[in-house]
Amino acid sequence: VAVAACAGTLLVGLVDPGEPGHYPACPFLTLTGLYCPGCGGLRAVHALTRGDPAAALGFNPLVVVMIPVAVLLWGRWALFSWQGRQDVGKAINPVYIWAFLGLMIVFWIVRNVPFGEFLAP
């Protein structure tokens, strides 16, 4: 998983998603004209690989905030697995999962209304 994530990050770092024709368009944006929670995520990762966190936050702040969280959760899971601990599946409380889903839905809605334009990629 780590090798695949690093390879994907390297690809996005080398091939600019802001240039047309390199990556497919977001299907939700294409069909509805609305931004999904992931819209701008590739451009955010590209900006992070270039050392520009301010631009990355402008593209998709949710992705930028969730990258370190995902790395920490995966690292915890990997450490528990290597140690042979039995509580590997208890890495995160379901309350946090539901809270994240709620946050993602609110982010999705707010970035598509006029007062939330600053969240659009």
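This report walks through a predicted protein model, from its overall build down to single residues.

Because the model is predicted, local features need pLDDT of at least 70 and side-chain atom pairs count only at pLDDT 80 or more, while totals for chains, interfaces and linings use all residues. Residues are numbered from 1 along each chain as its sequence is written, and side-chain values use heavy atoms, with hydrogens and water left out.

## The overall build

Let's begin with the whole chain. Its secondary structure comes to 6 helices and 0 strands; helices (H or I, at least four residues) and strands (E, at least two) are DSSP runs, numbered from the N terminus. Reading along the sequence gives the pattern α-α-α-α-α-α. Taken along the principal axes, the C-alpha atoms fill a box of roughly 45 × 35 × 25 Å. The chain has 121 residues, and 21% of them count as buried. Here buried means under 20% relative accessible area, exposed over 50%, and partly exposed in between, with a 1.4 Å probe and protein chains only.

UniProt, in an unreviewed entry, lists residues 58-79 and 91-110 under "transmembrane region". Its positions are given in the numbering used here, feature names are shortened, and annotations may be inferred rather than shown by experiment. In the model, residues 58-79 are 95% helix and 0% strand.

Two packed helices are described by the angle between their axes and the distance between the axes. Helix H3 (residues 41-49) and helix H5 (residues 61-83) have axes that come within 9 Å and cross at roughly 60°. Axes are lines fitted to C-alpha atoms, for helices over the stretch in contact, and angles run from 0 to 180 degrees between N-to-C directions. H3 and H5 are therefore oblique to each other (angles under 35 degrees count as roughly parallel, over 145 as roughly antiparallel, 65 to 115 as roughly perpendicular and the rest as oblique). The crossing of H3 and H5 is right-handed; a crossing is left-handed if the near helix is turned anticlockwise from the far one by less than a right angle, and right-handed if clockwise.

## An aromatic pair

The structure holds 1 aromatic pair. Rings of Phe, Tyr and Trp (its six-membered ring) pair if their centres lie within 6.5 Å; planes under 30 degrees apart count as stacked, over 60 as edge-to-face and the rest as tilted. The ring centres of Phe-28 and Trp-108 are 5.3 Å apart and the planes stand at 75°, so this pair is edge-to-face. It links distant parts of the chain, with Phe-28 in helix H2 (residues 27-32) and Trp-108 in helix H6 (residues 94-110), 80 residues apart. Phe-28 is partly exposed at 29% relative accessibility, and Trp-108 is partly exposed at 30%.

## The cysteines

A disulfide is a covalent bond between the sulfur atoms of two cysteines. Here a disulfide is counted as a pair of cysteine sulfur atoms within 2.5 Å, and the count by this rule comes to 0. What is the distance from the sulfur of Cys-26 to the closest cysteine sulfur? That closest sulfur, in Cys-39, is 3.5 Å away, too far for a bond. Cys-26 is partly exposed, at 21% relative accessibility, whereas Cys-6 is exposed, with a relative accessible area of 55%.

## Some residues to look up

Several residues make handy stops as you explore the model. Val-12 lies in helix H1 (residues 2-14), Pro-37 sits in the loop between H2 and H3, Ala-56 belongs to helix H4 (residues 53-59) and Trp-74 is part of helix H5. Of these, Val-12 is buried at 7% relative accessible area, as is Pro-37 at 10%. Ala-56 is buried too, at 0%, while Trp-74 is partly exposed at 35%.

The table pairs each of these residues with a partner.

| Pair | Apart in sequence | C-alpha to C-alpha |
|---|---|---|
| Val-12 and Thr-49 | 37 residues | 8.2 Å |
| Pro-37 and Pro-61 | 24 residues | 9.7 Å |
| Trp-74 and Val-95 | 21 residues | 18 Å |
| Ala-56 and Trp-98 | 42 residues | 25 Å |
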